[in-house]
Amino acid sequence: MSSQDREGARRADAHLLLEAINVTKQFPGVKALDGVNFELRHGEVHILFGENGAGKSTLISMIAGAARPTTGEFRFNGSPVHLDSVHEARALGISAVFQEFSLIPQMSVEENLFLGAEETRSGILQKKALHRRATEILEDLDFHLPVNLPVSRLTRAEQQMVEIAKAFRSEPSILILDEPTASLTQHETEQLFRLIARLKAKGVGIIYITHRMSEIREIGDRITILRDGHYIDTVDAKTTSEDELVRLMTGRVVGQVFPKIEFNPQQTLLVVSDLATADNGVRGASVTVRRGEIVGLAGLVGSGKSRFAQACFGARDIVSGTITFKDADVTGLSTRRMLDRGFLYLPSDRKNDGLMMMRPVRENMSLASLTRKPVSNGLFLSAGGEARMAAELAERLHLAPMRVERTVEHFSGGNQQKAMLARSLTREFDLIAFDEPTVGVDVGTRAAIYRFIAELCENGAAILLISSDLPEILHLSNRAYVFYRGQIQAELEGAEITEENVLKHFFEREAA
Amino acid sequence: MASEASMSAESTINLSDRLKRLFIRLGILPFLLVIAVIVFSLMSDNFLTGRNLMNVLRQSVYLTIVSLGQMLALLTGGFDLSVGTIVALSSVVGALAMATAFAAMPELVWLAIIIGCVAGILAGTMIGVVNGIGVSLFNVSPFMMSLGMASVGFGIALYLTGGVPVYGMPQQFGDIFGFGALFGIPVPVYVAAIIILCLYLFLNWTPFGRYFYAVGGNIKAAGLSGISTRATLFWTYVFCAALAAVAGMLLTARLDTGEANIGASMPLESIAACVIAGVSLRGGVGRVENVVLGALFIGLVQNGMNLARIESYLQTVVLGALLILAVIADQIRLRYVASLKR
């Protein structure tokens, strides 16, 4: 660095809102962050980018005051600060919206909004004042939420909005958003982006974690890339190419994220006609799936595409319609019967619906095949057979670290996902439904998961791919159905599956 | 000098670090066992003798069997507060049936014993059947269900006996199952050993055994993997009750009477044994061999306190404190694990 540059950097310092200098975080046995530098300017959206486990979460939890650095320091508006608690960080106007919500389900929206910062007069809650302020905050943010409803009755997206609104109790200076759009609909995402633009104009600095390339382009100013706890680079968000970003993130050239798939559709496996579920989430949906093809189910979060697949699998009550699988009527059979017939559904929420977090990877992999060879002979489990199978699957899916006896909770999100997806290989399934198979997974792992799905398909399995991520549907499916409010708006095939065609049906009003 | 000082400081860090790692891997139980053995052998010379330790083993049989049942309930993320009642009810019903059969046909001693045992175990198991139906079919919380059934069962046991002990069982029953020994080892210990072995095989080596861990680990994931979560929950409480009932019959043999007032401390002690043995209150984690050790530990502490002439009222205080200590230790362990994880 020349002396002139250094001079320029020092002058720029004055405009820095937050600076992390040479920050290291040591956990027993592992360095989560190693000498990381990070800076945030006023009115900037700074993207943090990296694989699962690269250290992004550790960095933001330190900025939010939830964890302390082992060495290194933070500067706020140029002067050193100690962010020893969430309270101290909040006093500086730093608030974070993490992926894991910190909401009390039984409490109402307004009670949650002011939790820990309730307004009182001589020890008595000022409920009217709190109600007024809650309404003001939500109106200001243009969030349409019922303030008196308990949070448990809201959708996940609405809960996310409450979580964001919490950051606006006081005037924020820095807002940290950790994959905020993962569960938001298109409309809500747009709303959030408008909000971010407004905050930028006010000079608020925003730290934003996302894996989605389109979001980086749309709202990002600069990108800082972390890998294995190390600082790699800070680049311009508008001009850096996707390939370049992936190279910086993974340290290697990944090549194409989406594989080329040879579709070879054969006989029809699944025929669903006029299916309706008891919870009214699916109303008269008809779908057919053949061997050797990937059928995409597209639609917004809550459009009924997941519920449709769960109902087919026997995990939801059906009120009308028929399901035929391999030419036999299977309407209303239990999940166990469906599995025995060769149909597997892998849920989208791996933590709540998919994995036993405190059990080893091996047991999580074999869960759906416990009564089959090589895991057991029907009566007794075979420790050797199960361990061998788990080791093989771990190798095939590049589990990292490759330790199948480790409990799942100690793996990164991407590797947890692999442990769950491995279930589809524990025996020969004819039809596998993947529900959001790449949620919260980094690009490298995503590419591996796509290749894995493509391979299954080319080996003659039928695949149902349920996804809210449009590029996934566009690049991977051979045919696609678009769901809207529990009904199928369109069936598209081959070249018809374009962004424009799919999106058109995402929002289309129901005919009459 | 300075280097020596720093070296010794380093070695203490190493030791504490190693202890910490040991603690994370094994939990609190080994530490408690070591402390208990040291303390009680200092307090009484009779503690660390072969005869006394065999005594501990025999006295711990009942709690061990009940704790194994309790472990099943904890594994699936619930618990069973009615184990004490089940012990009492099986004792009363078993003794009544056995005494009646013996009175009717005094020459068929063994038939009377078998009828009594079957009746007692069936009666106890019925409490578990009701628990299981409530929890699995109607989604009643295990807390409420087993608390309610504890009252129901206790009431029935008192009603059947009028609160008076039941006499009239054949002499042989007590002689064999209560006081008998084979090769110097008491008969109840053999019964416990067979149960431990079967349960170990069942939980670790059969698919159905794995389902208990799966249901406690993540009930939704278990359901989506084709496991019948309702059936698993139902059998959890049935098995738990059956084990408690077996313990009830063994205790009846030891006491030579059917009593409605036994087993009152069983819910607390069995949960304590499991928790000290590292069974997670959140479900999904727990091992048979550790639970056996946990129950033995509680037996050891009670025995040691008796030898050290600690008053029985104070013993209850110690037990309660141990349970809380174990839960605190578990929390600390989780914190360590979380700090290692990052």
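Me: What pLDDT does chain A average?
Reply: This is a predicted model, and chain A averages a pLDDT of 84. A score of at least 70 is reached by 94% of the residues.

Me: How many helices and strands does chain A have?
Reply: The secondary structure of chain A comes to 18 helices and 22 strands. The radius of gyration of chain A is 25 Å, close to the 24 Å that the globule rule gives for 512 residues, so chain A is as compact as a globular protein of that length.

Me: What box do the C-alpha atoms of chain A fill?
Reply: Taken along the principal axes, the box is roughly 70 × 50 × 45 Å. Of the 512 residues in chain A, 44% count as buried. As for contacts between residues at least 6 apart in sequence, 68% of those in chain A join residues at least 24 apart.

Me: Which domains is chain A divided into?
Reply: Domain 1 covers 13-250, domain 2 covers 257-342 + 428-512, and domain 3 covers 358-427.

Me: How many residues of domain 2 of chain A are in contact with domain 3 of chain A?
Reply: On the side of domain 2 of chain A there are 13 residues, in contact with nine residues of domain 3 of chain A. Helix α16 (residues 443-458) of chain A gives the most to this side of domain 2, with five residues. By class, the side of domain 2 that touches domain 3 has nine nonpolar, two polar and two charged residues. The C-alpha centres of these two domains of chain A lie 25 Å apart.

Me: Let us turn to strand β15 of chain A. Why is β15(A) described as largely enclosed?
Reply: Strand β15 (residues 294-298) of chain A has five of its five residues buried, so the strand is largely enclosed by the rest of the structure. A:Ile294, A:Gly296 and A:Ala298 point one way from β15(A), while A:Val295 and A:Leu297 point the other way.

Me: In which sense, parallel or antiparallel, do β15(A) and β20 of chain A pair?
Reply: β15(A) and strand β20 (residues 462-466) of chain A pair in the parallel sense, over four bridges. The bridge partner of A:Gly296 in β20(A) is A:Leu465. β15(A) also pairs with strand β21 (residues 479-484) of chain A, in the parallel sense and over four bridges. In β21(A), A:Gly296 stands opposite A:Ala480.

Me: And A:Val502, which residues does it touch?
Reply: Leaving out residues up to four places away in sequence, A:Val502 touches A:Ala298, A:Leu470, A:Ile473, A:Ala480, A:Val482, A:Leu492 and A:Ile497. The place of A:Val502 is in helix α18 (residues 499-507) of chain A.

Me: Why does A:Val502 count as buried?
Reply: A:Val502 has 22 C-beta neighbours inside 10 Å, and a residue is buried if there are 20 or more.

Me: There is an open sheet of four strands in chain A as well. What is its order?
Reply: The order is β14-β13-β16-β17 (chain A), with antiparallel pairing. The edge strands are β14 (283-290) and β17 (328-329) of chain A, each of which pairs on one side only. Strand β16 (residues 318-325) of chain A pairs with β17(A) over two bridges, in the antiparallel sense. A:Thr324 stands opposite A:Asp329 in β17(A).

Me: Where is A:Thr407 placed?
Reply: A:Thr407 is in the loop between α14 (383-396) and α15 (413-421) of chain A. With 21 C-beta neighbours inside 10 Å, A:Thr407 counts as buried. Not counting residues up to four places away in sequence, A:Thr407 touches A:Met358, A:Arg359 and A:Pro360.

Methods
Residues are numbered from 1 along each chain as its sequence is written. Chains are lettered from A and ligands numbered from 1 in the order in which they are written. This is a predicted model: local features need pLDDT of at least 70, side-chain atom pairs count only at pLDDT 80 or more; totals for chains, interfaces and linings use all residues. A residue is buried if 20 or more other C-beta atoms lie within 10 Å of its own, exposed if 12 or fewer, and partly exposed in between; C-beta atoms are placed from the backbone. Two residues are in contact if their C-beta atoms, placed from the backbone, lie within 7 Å. The radius of gyration is taken over C-alpha atoms; the globule rule is 2.2 Å times the number of residues to the power 0.38. Domain bounds come from an automatic or database domain assignment. Ala, Val, Leu, Ile, Met, Phe, Trp, Tyr, Cys and Pro count as nonpolar, Asp, Glu, Lys and Arg as charged, and the others, Gly among them, as polar. pLDDT is the predictor's confidence in each residue, from 0 to 100. Two strands pair if DSSP finds at least two bridges between them.
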